[in-house]
Amino acid sequence: MSKYTKQGIIKSSFLMINELIASSAIVFISIFCGLLSIICVFVYGNSILADLVSNGLEVKSYFVSAIVLFLFIFTLYSFINRRKHINPVLFIGVSVVVSLAIQWFYYSVVHANWVSDFQHMWNIAGQMSAQGRLIPNDIYEQRVLPILLPLVYIFGNNPVIVPIANSCFLIGIMLIGYSILQKTRGHYVAQIFTILWMACAEPLFALKIPTHDLWGLFIIACIFFVIVIFFYKARKSLPFTLAMGVVAGLLCIMLDMQRELGALVIVAWIVTLAIYAIKNKSDQQSTSRHVSYWAMLVVACVVFLSGNAVLKHTQLIVNSDSLNYLKYLRIASLSPGYSPGTYAYAHNFGNGLLGELPPKAQKETALSLLLSDYILQPEFRIYGIIYKTNLMAYLGGQHYFYQNGMDVQSPVLLKNIVNYNKILSLIICFLLLIKLKSALKKDESISTIFSLSLLCILIGALTTVGEAQSRYLFPFWFFSSIIIASQYRVSEVTEDSSFRLKFYFKLGSATILLGAAFLWLLSSNAYKPEDGRVLSPFSLKVENERLPSYSPPLQLDKNAYTGRSNGIGKLGFTLLSPHPTEVPVQISAAKELCVREKTSFRFGYVMPYVNPQVDGAFQLSLYFSGREVWFQRLPDDGKIKNVVVKNIAPENTCGKLEFTLSSKDRIFDESWVQASRTEIYFPRLTQY
């Protein structure tokens with residue numbers, strides 16, 4: 001085989017893989033960005049209508065917000081119709097002054113107590129500064145290192161530095177966005193972006209709070225700016241490529257320390273280059289440019305990975321059992337499709353089923369639940385994404401963090417702020433929704449592609465493997481404003497776009513479906529019950545009568561007040577007397593099981609009913625091949641317990657595994673029926 005043939009095969013293979021990645025990304029962008037926008041419009045639109053129906057049009061609750069919204073809409077409409085930009089120096093100067101005026105007004109009239117993570121990080125920044133300490137002991141201390149600790153160290157432990165610094169970051173983000181769009185789309189689009197950004201509510205809400213969400217966005221904007229500078233540099237020499245890659249890589253490390261999003265930006269960058277390549281088909285000259293783009297990314301990845309390794313070795317990045325626990329907790333309690341993705345759910349899950357395990361058992365449990373959920377109930381992934389997106393769609397709505405205390409001190413002003421955020425979020429999401437197709441089909445600029453890619457990866461990560469808090473979507477305001485603004489000039493730039501959006505959408509859909517099916521078949525055959533997969537389904541009986549219905553465990557959802565009724569689905573079951581009885585009752589759940597190398601058995605259980613006066617009214621037992629290997633008298637304290645039974649059988653043994661719930665007396669009435677409810681969580685073989 002000749003040298004040129006080998007090169008041709010390698011290039012063709014790379015282009016094929018690139019097209020599959022890009023087309024899949026286009027589908028995911030459509031799904032995640034479109035779904036979030038639709039749900040946001042629905043939930044906030046419904047909230048506004050419900051408020052009007054319940055309370056009528058309360059003028060005092062909309063007065064301030066109506067004035068601000070009128071000024072925003074009038075200014076935006078005027079610029080869109082103007083179709084030409086204002087003198088850039090004049091516009092930037094006025095924008096900075098107006099932005100400072102808005103911030104000053106907000107600072108003057110809004111009261112905000114510091115609570116939760118924000119107060120905690122401010123406290124530890126002061127402590128670390130006083131101690132002269134740079135080595136963090138936990139993730140919160142790590143997060144203060146890039147920005148907050150230097151501010152406190154230089155200017156002292158004075159809270160006034162927070163709004164001053166945040167004001168600089170907000171204006172800095174605005175100017176970075178302007179510079180990016182001025183390079184990619186011109187001053188007209190950059191000025192529309194500036195108007196949109198100044199109108200966004202949540203960035204302004206961050207003014208008075210020591211929030212790592214704002215600081216993280218500033219670092220992301222800097223990385224974005226570096227990428228755009230490199231793209232629009234006419235001559236990309238090797239030293240320049242190396243220098244820009246190193247700068248981007250160092251910023252990614254800084255972002256990882258600040259917000260654990262460095263890897264996410266790298267993934268978004270890869271997706272960006274893949275989409276950019278298919279939107280800008282290569283001739284010989286552009287091929288060399290694409291090579292330089294990938295070269296810069298490779299340099300940034302090397303710097304990011306090696307820098308992270310060095311910082312972990314020097315302990316500037318936390319690498320401890322406590323951090324590993326958080327990682328395993330995220331995998332076990334937030335990643336599966338059954339998870340609502342809330343902090344309360346993860347907290348209860350960790351307390352009952354993960355926190356007391358040794359690290360190796362935590363890791364084994366997390367991987368087992370992640371894989372078992374995907375194998376046994378893949379449809380839960382779709383439901384989970386929709387459910388979590390619904391939680392995330394209340395953009396800017398976590399007023400407890402941003403205006404804590406105003407419900408008592410200034411309730412009318414708080415209502416105006418809440419209503420303004422609702423209407424503004426609705427407008428931004430509606431504009432993003434109607435501009436999304438144009439952005440995907442016609443817009444070939446790196447600024448729009450990167451914005452779409454990062455939003456997609458961020459929303460996708462939060463709705464599949466992350467905690468569902470709407471403030472974690474803080475970058476949404478910056479990148480959605482860029483996407484929306486860019487579309488007001490894109491039709492003039494690419495009137496006859498040759499990009500085949502439908503073709504790539506179909507290719508991406510097929511790739512995703514075939515890839516998911518392949519992974520499901522592979523994992524189903526490679527990861528079996530004897531390897532640690534959660535055992536399901538069990539055959540449930542009362543005495544010798546087979547139970548007709550299957551009820552999933554719900555106590556985790558009840559403890560976290562989620563209001564859901566699907567529980568953990570097929571990854572557990574409920575033992576419950578179906579009706580009152582005249583004699584003691586025994587409910588059983590059985591399944592045939594073969595024990596190979598893993599001979600221990602782990603599960604969780606809870607009987608929510610608590611009554612010390614009826615101690616021993618029930619007994620939960622576990623049998624293998626007719627031999628009792630574990631039992632527990634119930635009710636106990638009503639908390640979820642994690643149980644491991646060592647060596648339930650010798651290796652290479654098959655038999656019947658059976659849970660039984662036995663009552664000491666008859667089931668007197670319906671209250672005793674509910675009292676008998678005992679939930680079994682994640683029964684599986686284990687090594688640890």
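Here is a walk through this structure, from the overall shape down to a few cysteines and a surface patch.

What you see is a predicted model, so local features need pLDDT of at least 70 and side-chain atom pairs count only at pLDDT 80 or more, while totals for chains, interfaces and linings use all residues. Residues are numbered from 1 along each chain as its sequence is written, and side-chain values use heavy atoms, with hydrogens and water left out.

Let's start with the whole chain. Its secondary structure comes to 25 helices and ten strands; these are DSSP runs numbered from the N terminus, with helices being H or I of at least four residues and strands being E of at least two. The radius of gyration is 28 Å, close to the 26 Å that the globule rule gives for 688 residues, so the chain is as compact as a globular protein of that length. That radius is taken over C-alpha atoms, and the rule is 2.2 Å times the number of residues to the power 0.38. Along the principal axes, the C-alpha atoms fill a box of roughly 90 × 80 × 55 Å.

How much of the chain is tucked away? Buried residues make up 55% of the 688, where buried means under 20% relative accessible area, exposed over 50%, and partly exposed in between (1.4 Å probe, protein chains only). Take contacts (heavy atoms within 4.5 Å) between residues at least 6 apart in sequence: 83% of them join residues at least 24 apart.

Now for the cysteines. A search of the whole structure turns up one disulfide, meaning a pair of cysteine sulfur atoms within 2.5 Å. C594 and C654 form the link, with 2.0 Å from S to S. C594 sits in strand β4 (residues 584-595) and C654 in strand β9 (residues 653-666), so the pair ties together parts that are 60 residues apart in sequence. C594 is partly exposed at 24% relative accessibility, and C654 is partly exposed at 45%.

C252 itself is buried, at 0% relative accessible area.

V59, F63, V64, I67, V68, F70, L71 and F74 make a nonpolar surface patch of about 770 Å². Areas come from the Shrake-Rupley method with a 1.4 Å probe; for residues, only the protein chains shown count as cover. F70 belongs to helix α2 (residues 59-82) and is exposed, at 56%.

Terms used: Patches are made of residues with over 30% relative accessible area and no salt bridge: like charges are joined within 9 Å, nonpolar side chains (Val, Leu, Ile, Met, Phe, Trp, Tyr) within 5 Å. A salt bridge is a side-chain nitrogen of Lys or Arg within 4 Å of a carboxyl oxygen of Asp or Glu.
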